Amino acid sequence: MKLMLATVLFFFSFSAIAMTDFEKKLNDWSKSTGPLPKRLEKLYQMSWDWSMHNSPEWATYEGYPGLNDQLSDLSLAAIEQRREETRSLQKVLNQVPRKNLKGEDAVTFGLFKFQTDRSVESFQFPDEFLPIHQMDGIQQEIAGVLLAQPRLTLKDYQDRLSRLAKVPTQVDQILVLLKEGLKRQVMPPKVVLATVPSQFEALLSTDFSKNPLYESFQEIQLDVPAEEKTKLQMQAQEVIRTKTMPALQRLQQYFKTEYMPHAREDVAWSSLPNGKAWYQYKAQFHTTTKMSPDEIHQLGLQEVARIRGEMDLIRQKVGFKKSLKEFDQFMKTDSQFIAKSADELIFGFREISKRVDPELPRLFGRLPRLTYGVREMPLYKATSGPGAYYLNGSLENGRAGYFEANTYDLKSRHKWKMEALTLHEAVPGHHLQIALAQEITGFPRFRNSFWSTAFSEGWGLYAESLGEELGVYKDPYSKYGQLMMEMWRAIRLVVDTGLHSKGWSRDQVMQYFRDNGPFEETEIKSETDRYIASAGQALAYKIGELKFKELRQKAKLALGDRFDIRKFHDQALGSGSLPMGVLEAKMNAWIESEKKIKSPTRVQ
């Protein structure tokens, strides 16, 4: 129940010197009166608007209107201003009497403050000087954001032209960040940068039928005269050829000739300035726990040993007489497990998706309205990308979610992992979880998009374990694939902490992969380089998954015959993505409330 306060007055004294528009709004808000929950709703909306204007690319993915012609300001001055404004927001939040908030109002405020506090904490670490690596940067993102923009009106296409024309300004800002990072030696290791120059090539192609920057102009579905469509296409080619491409070529050249040759050799995040503390922050940020790297490493070793034992049981079940290592080799190389074409993979993923869809109501009471599709990952991303990923859809923009599958190096895309990948990236994994969060009503907008890596990726891995209940793992080999995918995430706990806090080498990580599963060399290399470039992120999957499983088991033991798996899942996903501690508190409260219900529910 919302607490209504007759009059609440907070005043935070901002410096009158160089106060920004956002800080003026914060100052005005802190002087305002009225019921606290209603006042906070205005603060959340004000902050959401501020976030969207500071990251127009994110705004496009969120379906936030009016910014599709803009790019983020990555200048040093803008970065510092955003930091000062975030600190000002934190000071205002510190003045709010949160003890007066109850129920969802308290949860919402706690999440908002958690997010703000984590942002301020991160400012001690110079992430801004790492704008490009093999998995991130303008060379990876600009084409994607253009495709994500709506294509409903003439203005939608004109917005694309404006955004493309702004690329040179953003490139200049990125060059300043790269040069400053080089000066400070805050940069990725040389070994993970080797593929970056080639990632620009598709964007620099003068064959517009193959250039991803032009893709959304290929077919213009507007009710306008044909000459108007032709005019738009000619304008797009002109902007790309005269403005966008020269800027990207300039960035590529600098990256290749000046930046990469001076990159650091050490792969450990701890080798960066203040790197040990920086890695500790990243580990805790992504897991939303207080676990130390040592604790995470030990948990990983335990999980690797457990899963390896289960994999050996599969070997015995199928009657394979040789060793587990030899069984790994059989799973890697036998022709029955290797797709013959990219189309075979994509059609296979689509078939699995459509098998899963009708089974979902048995495990979920609420399903999202937003649809999803399966498509091939673009080649310029696939060469150094993961096996698959999910791209958010948007009801506001009329855009479905997409599960993009990597078809590069076909021999490494084994059929026995397809079921688990589908469950993780599409349903009941990322699409189901994220689309449901987007559709929750009654929350401030930031809650629909709040991202806890441990929650979201932990849910994706937990979703893989639902395959047996959904009737997906029909043979021992697909079950082996699910175990292999779980092993992959357990290995991450060991090797990510090994790299960044225990002095492991890149070769050591790659060998650990070889010793513990049927991983292809292409996959081993790309995964190892991912952990080097994005320290800490890979820790979230297993830690989040284990928490979901722990909470499910706790609910089953506490509720017995009254345990309803549909209710459990709806509760777990019903507040959107949460820090794991907040999720645990919510689910504990739900268990207690269910205990008080005397009439039995359906038995699981």
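## Helix H18

Helix H18 (residues 430–439) is mostly covered, with nine of its ten residues buried (under 20% relative accessible area, using a 1.4 Å probe and protein chains only). The buried residues in H18 are His430, His431, Leu432, Gln433, Ile434, Ala435, Leu436, Ala437 and Glu439. Helices here are DSSP runs of H or I with at least four residues, numbered from the N terminus.

## Basis of the model

This is a predicted model, in which local features need pLDDT of at least 70 and side-chain atom pairs count only at pLDDT 80 or more, while totals for chains, interfaces and linings use all residues. Residues are numbered from 1 along each chain as its sequence is written, and side-chain values use heavy atoms, leaving out hydrogens and water.

## Helices H4 and H5

Two packed helices are described by the angle between their axes and the distance between the axes. The axes of helix H4 (residues 76–94) and helix H5 (residues 103–122) cross at roughly 140° and come within 9 Å. H4 is therefore oblique to H5.

Thr86, Arg87, Leu89, Gln90, Leu93 and Asn94 in H4 meet Phe109, Phe112, Lys113, Thr116, Asp117, Ser119 and Val120 in H5 (contact means heavy atoms within 4.5 Å). By class, five nonpolar, five polar and three charged residues form the contact of H4 with H5.

## Thr244 in helix H11

Thr244 belongs to helix H11 (residues 226–259). Its relative accessible area is 0%, so Thr244 is buried. Not counting residues up to four places away in sequence, Thr244 touches Leu164, Val167, Leu213 and Val239.

Key: Axes fitted to C-alpha atoms, helices over the stretch in contact; angles between N-to-C directions. Helix = DSSP H or I, 4+ residues; strand = E, 2+ residues; numbered from the N terminus. Parallel < 35°, antiparallel > 145°, perpendicular 65-115°, else oblique. Nonpolar A, V, L, I, M, F, W, Y, C, P; charged D, E, K, R; others polar. Buried < 20%, exposed > 50% of the residue type's maximum accessible area, 1.4 Å probe, protein only.
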